[in-house]
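I hope they are handy while you have the structure open.

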Amino acid sequence: MAATADGAGGDGVTRRDFLEYAAGGMGAVGAAATAWAFIDNMNPAADVLALSTTEVDLEPIEPGQSITVVWQKKPVFVRRRTEAEIREAEDTPLDALPDPMADADRVQKAEWLILVGVCTHLGCIPLGQKDTDEKGEYGGWFCPCHGSHYDTSGRIRKGPAPENLPVPPYQFLDDTRILIG
């Protein structure tokens with residue numbers, strides 16, 4: 001078929017129509033690519049994703065020993081409690097606690113206590129992780145800044161702290177590893 005003088009083919013479509021469709025299509029592709037770049041830019045960076053979880057090997061931790069790991073730039077206390085510490089935490093009457101919470105509600109396995117190690121009063125890091133540290137009157141942690149005492153379940157027992165040491169989200173991957181976050 002021969003084109004007419006106005007550039008239309010035998011089906012009535014002109015070159016101008018083709019150019020408009022092609023330009024519109026390219027514009028749509030460009031807009032979609034730009035939108036994708038902006039949306040993808042809102043995803044968390046790789047360094048942020050790396051901090052979102054922390055895997056901890058529990059195997060080398062002996063009963064009565066604590067370690068400190070970092071999760072989301074905060075210290076996390078991981079303590080393998082002794083039978084005496086577990087018994088003491090479970091036997092504490094809830095009415096003796098400023099922020100009542102049963103020990104069973106703070107642990108997944110009684111032997112392992114995982115806490116964010118930041119005092120709930122003013123954000124200090126309590127002592128009690130090292131064998132030589134002051135552990136306070138209740139055998140857990142002690143914040144020397146203002147005198148908050150935490151028990152072997154990380155519950156506030158004495159001092160100005162309004163709440164227990166928080167328990168981060170965590171799960172046991174197997175018997176010797178946990179994933180925090």
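1. The accessible surface of the protein comes to about 10700 Å², and carbon and sulfur atoms hold 57% of that area. Areas are from the Shrake-Rupley method with a 1.4 Å probe, and for residues only the protein chains shown count as cover. Please keep in mind that this is a predicted model, in which local features need pLDDT of at least 70, side-chain atom pairs count only at pLDDT 80 or more, and totals for chains, interfaces and linings use all residues. Residues are numbered from 1 along each chain as its sequence is written, and side-chain values use heavy atoms, with hydrogens and water left out.

2. On to the fold. The protein has three helices and nine strands, in the order α-α-β-β-β-α-β-β-β-β-β-β from the N terminus. Both kinds of element are DSSP runs numbered from the N terminus: helices are H or I with at least four residues, strands E with at least two.

3. What does the radius of gyration say about the overall spread of the protein? The value is 30 Å, well over the 16 Å that the globule rule gives for 181 residues, so the protein is more spread out than a compact globule. The radius is taken over C-alpha atoms, and the rule is 2.2 Å times the number of residues to the power 0.38. Along the principal axes, the C-alpha atoms fill a box of roughly 100 × 35 × 30 Å.

4. Of the 181 residues, 34% are buried. Here buried means under 20% relative accessible area, exposed over 50%, and partly exposed in between (1.4 Å probe, protein chains only). Among contacts with a separation of 6 or more, 54% join residues 24 or more positions apart; a contact means heavy atoms within 4.5 Å.

5. As for charge, the mean positions of the 16 positive and 28 negative charges are 4 Å apart. Lys and Arg count as positive and Asp and Glu as negative, while His and the chain ends are not counted. Each charge is placed at NZ of Lys, CZ of Arg, CG of Asp or CD of Glu.

6. There are two aromatic pairs in the structure. In one of them, the ring centres of Phe-77 and Trp-141 are 5.7 Å apart with planes at 15 degrees, so the pair is stacked. This pair links distant parts of the chain, with Phe-77 in strand β3 (residues 74-80) and Trp-141 in strand β5 (residues 139-143), 64 residues apart. Phe-77 is buried at 2% relative accessible area, and Trp-141 is buried at 0%. Tyr-170 and Phe-172 form an edge-to-face pair, 6.1 Å centre to centre with 70 degrees between the planes; Tyr-170 and Phe-172 are buried. Rings of Phe, Tyr and Trp (its six-membered ring) pair if their centres lie within 6.5 Å; planes under 30 degrees apart count as stacked, over 60 as edge-to-face and the rest as tilted.

7. His-149 lies in strand β6 (residues 148-151) and is buried, with a relative accessible area of 9%. Beyond its neighbours within four places in sequence, the contacts of His-149 include Trp-141, Phe-142, Glu-137 and Arg-155.

8. Finally, the backbone. Most residues other than glycine have a negative phi. Gln-72 has a positive phi near 50 degrees, and Lys-73 has a positive phi of about 65 degrees. Gln-72 is partly exposed at 37% relative accessible area, whereas Lys-73 is exposed at 71%.
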